[in-house]
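Have the sequence and the 3D view ready as you read.

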Amino acid sequence: KVSAPELDVSSRHVQNCRKASVVLLGYVALVGFAEAIGWALGIDWIKRPIQNESATPPGAAILFFLSATTMLLLSTGKSESWRKWLSIALAAFIGTTSGATWLEHIFEQDWSLIYPLYKTEGATPLTFPGPMMPDVSLYFVIASVAFALYLLRERIGIKPTQIVATAVGLP
């Protein structure tokens, strides 16, 4: 049995939770990748599988894919050096791009960060299908901070990752 401060938890239960989280992360990565492909190729039924419902913005789709991939890299397999460095690179990219999108909203600018996937000519700046909403981009910034803290947990001697992850999940 694995001992937790609150109660004893069976190792079988822990393994089942890990398997479930890997399945869910794989699902999030697959959906994010499919949505990004739908935007890149202009296939409406992939972008919007439920008619008359809004689609996930392409930037958010890519960041969902990259976030889930980063978590899969960190939670599966051995903690090899290449996994760590790839996770660091992905977390930095997620934080930089989502932070730039958040700054677009804060400064009321349209830097066409979405341009590689969707041409925004003629669209009103900062409207759909433009960049992510500011709260979503801020969640990705916080998630990248959580990734960084997770990767640095041994070096800094504290483990505040769960606090940051909770901040992402609460709103």
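Met-71 is found in helix α3, residues 58-75 (helices are DSSP runs of H or I with at least four residues, numbered from the N terminus). This is a predicted model, where local features need pLDDT of at least 70, side-chain atom pairs count only at pLDDT 80 or more, and totals for chains, interfaces and linings use all residues. Residues are numbered from 1 along each chain as its sequence is written, and side-chain values use heavy atoms, leaving out hydrogens and water.

With a relative accessible area of 35%, Met-71 is partly exposed; buried means under 20%, exposed over 50%, and partly exposed in between, using a 1.4 Å probe and protein chains only. Beyond its neighbours within four places in sequence, Met-71 is in contact with Leu-25 and Phe-147 (contact means heavy atoms within 4.5 Å).

Now for the rings. The whole structure holds two aromatic pairs. Rings of Phe, Tyr and Trp (its six-membered ring) pair if their centres lie within 6.5 Å; planes under 30 degrees apart are stacked, over 60 edge-to-face, and the rest tilted.

| Pair | Centres | Planes | Type |
|---|---|---|---|
| Phe-33 and Phe-65 | 5.4 Å | 45° | tilted |
| Phe-64 and Phe-140 | 5.1 Å | 75° | edge-to-face |

Phe-64 lies in helix α3 and Phe-140 in helix α5 (residues 134-151), so this pair ties together parts 76 residues apart in sequence. Is Phe-140 buried or exposed? Phe-140 is buried, with a relative accessible area of 6%, whereas Phe-64 is partly exposed at 38%.

Notes
Helices (H or I, at least four residues) and strands (E, at least two) are DSSP runs, numbered from the N terminus.
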